[in-house]
Amino acid sequence: MICEHHHYGDKHSQFGELFLPAGDHPHPPPYPVAVLLHGGFWKAQYGRKLMHPLCRDLVGRGWAVWNLEYRRLGRQSGGGWPATFDDLDAGIDHLRVLQAPLDLTRVITIGHSAGGHLAALAATRDGPSVQVTGVVSQAGVLDLERAWDWRLSNGVVRRLLGGTPEQYPERYAAASPAARLPLGVPALLTHGGQDDTVPPAMSEAFQQATGCDLVLLPDEDHYGHLDPENPLWKAVVDWLP
């Protein structure tokens with residue numbers, strides 16, 4: 001496995017890790033691309049390393065992985081509105097300039113929790129240089145108004161967007177995947193029935209609104225998604241084109 005570090009901007013958190021199969025890998029290039037987006041309710045104490053086990057698993061299956069870091073809330077990271085969303089756009093579009101054997105006709109975003117929000121939002125971007133062709137949202141925060149109503153993580157979405165839905169309805173409309181339907185690409189939602197961080201009702205409501213695929217495993221929690229041996233991840237692998 002090969003890992004390269006690339007900046008897509010001049011800020012500390014504007015970079016990604018590009019993982020590529022080794023030269024003797026049985027799957028020939030160009031490689032389909034999985035853009036991984038970590039969770040942590042958009043907070044700076046959480047970072048890209050959360051996704052490393054999934055990066056290794058995907059590379060072993062013949063995928064190139066772009067493990068994206070982005071500006072987050074706190075620790076002088078500079079995240080929130082609009083920086084976090086600008087980084088999502090710039091980070092994915094940076095795939096176009098990487099000197100690597102990538103198949104940019106097959107770009108799947110995979111995100112956990114807050115990263116699941118960004119993964120779904122990426123499919124709705126206006127005028128992208130790199131088009132997302134599929135979405136996997138693992139316990140994603142797919143509806144930001146609902147996240148505020150439920151006060152997920154002590155109402156952190158108010159920090160992310162600078163206010164409440166009543167104060168900034170246009171920001172919620174621009175930043176919430178549930179407000180930007182249809183996604184326009186195939187999507188898989190995975191959720192654990194024991195998840196008390198992002199309730200399964202979040203994914204259930206999104207599936208009802210979109211008709212996308214949903215795998216809800218009653219005995220799993222919020223963090224099993226990050227374990228390559230967990231059935232929640234097996235559902236993702238089985239779904240990938």
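Author: Helices (H or I, at least four residues) and strands (E, at least two) are DSSP runs, numbered from the N terminus. This is a predicted model: local features need pLDDT of at least 70, side-chain atom pairs count only at pLDDT 80 or more, and totals for chains, interfaces and linings use all residues. Residues are numbered from 1 along each chain as its sequence is written, and side-chain values use heavy atoms, with hydrogens and water left out.

Reader: What radius of gyration does the protein chain have?
Author: The radius is taken over C-alpha atoms, and the globule rule is 2.2 Å times the number of residues to the power 0.38. The C-alpha trace spans about 55 × 40 × 30 Å along its principal axes. With 241 residues, a compact globule would come near 18 Å. The protein chain agrees with that, at 17 Å.

Reader: What percentage of the residues is buried?
Author: Buried means under 20% relative accessible area, exposed means over 50%, and partly exposed lies in between (1.4 Å probe, protein chains only). The chain is built from eight helices and eight strands. Of its 241 residues, the buried share is 57%.

Reader: Which residues does Trp42 touch?
Author: Contact means heavy atoms within 4.5 Å. Residues up to four places away in sequence are not counted for Trp42. Its partners are Arg72, Leu73, Ala114, His117, Leu118, Val141, Leu144, Val156 and Leu160.

Reader: Is Ser203 buried or exposed?
Author: Ser203 lies in helix H7, residues 201-210. Leu142, Leu189, Thr190, His191 and Leu214 touch it, not counting residues up to four places away in sequence. Its relative accessibility is 0%, so Ser203 counts as buried.

Reader: How long is the polar contact between the side chains of Ser203 and His191?
Author: A polar contact is a pair of N or O atoms within 3.5 Å. Within protein, one atom must be able to donate a hydrogen and the other to accept it, and residues adjacent in sequence count only if both atoms are side-chain atoms. For Ser203 and His191, the contact is 2.7 Å.

Reader: What phi does Gly62 take?
Author: Helix H1 covers residues 52-60, and its buried residues are His52, Leu54, Cys55, Asp57, Leu58 and Val59. Their cover includes strand S3 (31-37) and helix H8 (231-239). Just after H1 comes Gly62, with a positive phi of about 95°.

Reader: Which residues of H8 are buried?
Author: At the start of H8, a side-chain oxygen of Asn230 reaches to within 2.8 Å of the backbone nitrogen of Leu232. The buried residues of H8 pack against H1, S5, S6, strand S7 (187-192) and strand S8 (213-217). They are Leu232, Trp233, Ala235, Val236, Val237 and Trp239.

Reader: What is omega for the peptide bond from Trp81 to Pro82?
Author: Most peptide bonds are trans. Pro29 and Pro30 are joined by a cis bond, with omega about 0°. Pro82 lies in the loop between S4 and helix H2 (83-93). The bond from Trp81 to Pro82 is also cis, with omega near -5°.

Reader: What is the relative accessible area of Asn154?
Author: Most residues other than glycine have a negative phi. Ser153 has a positive phi of about 50°, and Asn154 has one near 60°. Ser153 is partly exposed, because its relative accessible area is 22%. Asn154 sits in the loop between H4 and H5 and is exposed, with a relative accessible area of 77%.
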